[in-house]
Amino acid sequence: MSVAIIIVMIIVASVAFHFWSPWWWTPVASNWGGMDDTIILTFWVTGAVFIAVCLFMAYCTWRYRYQKDRKAEYKPEDKKLEFHLTWLTTLGVVVMLAPGLVVWHKYVNVPKEALNVEVVAYQWGWKYRLPGEDGILGKTDIKFVSSENPFGLNLDDPNGKDDLLVDDGDLHLQINKPVKFLLRSLDVLHNFYVPQFRGKMDMVPGLVTFYWLTPIRTGDFEVLCAEFCGTGHYAMRGRVFVDEEKKYNQWLAQQITFKQMLTQNRIDNKSLKLVKNVE
C-alpha cells in the first residue's frame, strides 16, 4: 500500500511542478507562437499518458500485492489489449505530430515580401549583411574571404557593391516586417537562435540554410549559438533590436556598404605599410 501511495505522490508532485515551474518560456516576440502551442499539446498528450501509466502502476501495486493464498496467472498475450494500446498510441502520435507538420510547412514557406538578411557565423561571433538600394544581395564564396573582404563577396558581382555590412555589431529589424535569415558559417557548425523568436536553424559550412519570421514586439533580444562550436561557444552572443520604422531607417542609414568597406580597408592597409616603412 505504501508503494502505491508514493507513486501517487510522485504524480501529484510532477504535475504541480509542471504548472508552477520557475523555468518557463520567454514571452514570444514573433509570429511563431504556434510552436508554443504544439509543445503545450505535446505536454498534454505525454502528461496524460504519464498520469495514466503511473496510476495503473499504483493500482497494480495495490491490487496484486502479495497474498499468501493467491496464485499467479500466466498470460503471455492479450490480443484485445494489444489492439486497443496500438490504436491509442497511434492516435496520440498523430495528435502530437500533425500540428508540428503544419507549423513546419509555414516555417519553410517564405513570404515574397520578406527582407533577405544574411547571418554569417564564425568562431565566435556574428556578422550580418543586408541588401542595399537595389534590394539584392551580392553573391559570396568562401574562397573570397580575406582581411579586406571578411564576408567573402564576389568582386565581379555588381549587386554586392551596395550591400550593407554589419561587422561585429548588433542587428536591427523592423517591427511587423517579415525577414528571411540566410544562414552560413565560415568555419564549424553554428546555430542562430533568439529564444523570443522561437525559430532557429543549424548553420552548416558550405551550405546556406534559412528560416523566416515576423517580429511582433519591439525590444532588445539576445542572440545565442545553439550548437556547440568550440571552447568559446559560451561567449558567442549578440543582440537583435526590433525597432519602429523611423528608428530602424536611422540605424540603416548609418551602416557601411561593401564598396565603402573595401575602400576603407585599402586605405588602412596602405597607411600601415607607410608606417612600417618609416619605422
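## The cavity

About 40 Å³ of space lies in the largest cavity of this structure. A cavity here is a set of points on a 1 Å grid over the protein atoms alone where a 1.4 Å probe fits but cannot get out. Its volume is the space filled by probe spheres set on those points, with grid points joined across faces, edges and corners. Counting cavities of 30 Å³ or more gives one. As for the idea behind this, rolling a probe the size of a water molecule over the atoms shows where empty space is left.

Which residues line the largest cavity? They are L115, V117, L130, H172, L173, Q174, K177, V179 and Y248, where a lining residue has an atom within 4 Å of a point. Both β1 (115-122) and β4 (171-174) supply at least two residues of that lining, and the largest share, three residues, comes from β4. Strand names like these come from DSSP runs numbered from the N terminus: helices are H or I runs of at least four residues, strands are E runs of at least two.

## About the model

You're looking at a predicted model, in which local features need pLDDT of at least 70 and side-chain atom pairs count only at pLDDT 80 or more, while totals for chains, interfaces and linings use all residues. Residues are numbered from 1 along each chain as its sequence is written, and side-chain values use heavy atoms, leaving out hydrogens and water.

Let's turn to the aromatic side chains. The whole structure holds 15 aromatic pairs. Rings of Phe, Tyr and Trp (its six-membered ring) pair if their centres lie within 6.5 Å; planes under 30 degrees apart count as stacked, over 60 as edge-to-face and the rest as tilted. Take F17 and W23: their ring centres are 6.1 Å apart with the planes at 55°, so this pair is tilted. F17 is partly exposed at 46% relative accessibility, and W23 is exposed at 65%. (Buried means under 20% relative accessible area, exposed over 50%, and partly exposed in between, using a 1.4 Å probe and protein chains only.)

W32 and W212 make an edge-to-face pair, 5.2 Å centre to centre with 70° between the planes. This pair links distant parts of the chain: W32 is in the loop between α1 (2-19) and α2 (33-63), W212 is in strand β8 (residues 209-213), and they are 180 residues apart. Are these two buried or exposed? W32 is buried at 3% relative accessibility, and W212 is buried too, at 10%. Both belong to a cluster linked by ring pairs, together with W104, Y107, W126, Y128, F181, F192 and Y211.

## Charges over rings

Two lysines show up beside tyrosine rings. K127 has its charged end over the ring of Y122, 4.8 Å from the centre, and K200 does likewise with Y193, at 4.9 Å. To count, NZ of Lys or CZ of Arg must be within 6 Å of the ring centre and within 35 degrees of the ring normal.

C225 is in no disulfide either, with the nearest cysteine sulfur, that of C229, 3.9 Å away. C60 is partly exposed at 21% relative accessible area, whereas C225 is buried at 7%.

Most residues other than glycine have a negative phi, and most peptide bonds are trans. Here, though, a cis peptide bond joins Q123 and W124, with omega about 0°; W124 is in the loop between β1 and β2 (125-130). N176, which isn't a glycine, has a positive phi of about 65°. N176 is in the loop between β4 and β5 (179-185) and is exposed, at 54% relative accessible area.

The loop between β6 and β7 holds R198, another non-glycine residue with a positive phi, near 70°. R198 is buried at 12% relative accessibility. Q196 is in the loop between β6 (190-193) and β7 (200-203) as well, and is buried at 16%. What does Q196 touch, not counting residues up to four places away in sequence? Its contacts (heavy atoms within 4.5 Å) are T26, P27, V28, A29, S30, R217 and F221.

Technical notes. A disulfide is a pair of cysteine sulfur atoms within 2.5 Å. On a 1 Å grid over the protein atoms alone, a cavity is a set of points where a 1.4 Å probe fits but cannot get out, and a pocket is an open set with protein on both sides within 12 Å along at least five of seven lines; lining residues have an atom within 4 Å of a point.
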